[in-house]
Amino acid sequence: MWNMNAMDDFSKQWEKMVKDWFDELMNNPDFLKNMSKSMEGALTSKSMLDEIKNNIAKSLSIPTASSIAKISQYIIKQEAKINDLEDLLYEQKNDIKELKELFIKSLDNKKSKNVKKTPSKTKKTVKEKK
Amino acid sequence: MKKEFDISPEQIEEISNKCKNFWEILEKTQFKSLDEKQKAWREIGLAPTLYNTIYTENTAKLNYYIDNDKKSNISPVLIIPSLINKNYTMDLIKDHSMISHLVKNNIPVYIIDWGEPGIEHGDYTLDEMIDGTINRIVKRIFRHSGKKHIHILGQCIGGVISTIYATKYSSQGFIKSMTNITSPVDFSKGGKLTEWTNPKTFNLDKIVNSFKENGAISPQFIHAGFPFLDLNMTFNKYRNLFNLVDNDEFVTLYRALDFWGNDNIPYPCEIFRKFNRDLYQENKLFKGELVIGDQKLNLKDIKIPLFNIMAKHDHVFPKEAALNIPKTKNKADIDKIYEGGHVTILAGLPARFELYKDIENFIKNNE
């Protein structure tokens, strides 16, 4: 009969073999150097292609990706500044609110002190009159 | 002699059905159009928790999760996700959502969505992200929540960013605690990724300069090597799908994780450069030599409680890279290793329930 365990063992062994082979490859400095070289080659081609695209855009008098990027970056920086200013404004608004509350409190305190003091004054004036 | 490969017709039918279902699921994970992708998103039920976007800055958004407008006395949590994947791994699907758990337990949650960085991000630096974007986001949280303190939680690269942020700003007193999920700090123990970014074979400047035109490194480039970080894990992914292809719950989770795993975002060029040079190649954060803004950062300046979450089978950042953070020790510090992988501890295996509860308790205990 069909033995699933045998299939499972076989696949596990195959996986282990592939993994070991790959790990060995990944620890091989020569392989890594060659991989790095081929990646660099691909990246050089990409840069060249980008340059060609830019030249075509320039010759057609249409904005290049880098000029759009510069404009977008400028917009981002301005947006960040506006957000910072908005935060500052909010903080100052809160500070003013707090100061206003403090001021009203201190005014109320003064008023209540004056109210307490006034009866004694009237008493004095009454005595003086007498 | 035992005939090992004699198969009964029923078994042939069973195996052929399994194969058919297996290929069907694999086909379902390939999208030919945006419509198909959106249909799959709805079918799987990804990112189920409701949220409002309360602040946007360029491509980044700050989302606030809602639970029937319950009022909470707990300081909000700011989640800083990874820079190379979308943030819904924190809110993957029903019953696999850390955010949903926190919200249900009365913890206000805010999360950053980095969006899809593009050509405008060519000169966007890590310093600007920490001192600018994240600072502004924190201020917006204070405004929106009316609170004066936050807890921060970072996952993967997001955890590195939250560590840097806490190192620089925790002395100001507004951060109550920090939770790192599978985040490295000692990059000399970063495993295969540290080996692959070795300056001898990894020409960082060449890579970054080649992508400068695009503003960000393409996700295809970054993720090309990930399946090879642990080949066993890659094989197991498909083996498990084949074995459990009749289990609807497993298939939904598989599709959700696969969708998320392939839904990657570009990595801003200058952040990629600084991250790889200063952290992977020179390990400056761990050594206390990383400069953000004009300030040299020392991990000992982190005096707030830290919940350091590690995965036993993390193939991206080995747990050794997250252990022994040289911060100032706090009584409430916790280091805990969970059974699972880099993402499965968060969204997959049963360990997630323990993890969600532990995070909830840590935040509440350090309120």
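Start in chain B by selecting Val77(B), Leu78(B), Ile79(B), Val109(B), Tyr110(B) and Ile152(B): these have the most contacts inside the largest nonpolar core, which has 95 residues. A nonpolar core here is a set of buried Ala, Val, Leu, Ile, Met, Phe, Trp, Tyr and Cys residues joined through C-beta atoms within 7 Å. Buried means that 20 or more other C-beta atoms lie within 10 Å of a residue's own; exposed means 12 or fewer, and partly exposed is in between, with C-beta atoms placed from the backbone. Helix α4 of chain B, residues 126–145, gives the most to this core, with 7 residues.

The model is predicted: local features need pLDDT of at least 70 and side-chain atom pairs count only at pLDDT 80 or more, while totals for chains, interfaces and linings use all residues. Residues are numbered from 1 along each chain as its sequence is written, and chains are lettered from A and ligands numbered from 1 in the order in which they are written. Chain B averages a pLDDT (the predictor's confidence in each residue, from 0 to 100) of 90, and 98% of the residues score at least 70.

Next, select Ile152(B). Leaving out residues up to four places away in sequence, Ile152(B) touches Leu78(B), Ile80(B), Ser162(B), Tyr165(B), Ala166(B), Ile175(B) and Met178(B). Contact means C-beta atoms, placed from the backbone, within 7 Å.

Now select α4(B). Helices (H or I, at least four residues) and strands (E, at least two) are DSSP runs, numbered from the N terminus. The buried residues of α4(B) include Met129(B), Ile130(B), Ile134(B), Ile137(B) and Arg140(B). At Ile134(B) the helix bends by about 25°, the bend being the angle between axes fitted to the seven residues ending there and the seven starting there. After α4(B) comes Gly146(B), with a positive phi near 75°.

Then show both chains. The contact takes 27 residues from chain B and 29 residues from chain A. On the chain B side, α4, α7 (204–211) and α9 (231–243) each give two or more residues. The largest share of that side, 4 residues, comes from α4(B). The predictor gives the complex an ipTM of 0.74 and a pTM of 0.87.

Two loop residues end the tour. Select Asp95(B), in the loop between β3 (77–80) and α3 (98–104) of chain B. Its phi is positive, near 70°, and Asp95(B) is partly exposed, with 13 other C-beta atoms within 10 Å. Finally, select Ser61(A), between α2 (29–59) and α3 (65–129) of chain A. Phi of Ser61(A) is also positive, near 60°, and Ser61(A) is exposed, with 6 other C-beta atoms within 10 Å.

Note on methods: Contact = placed C-beta atoms within 7 Å.
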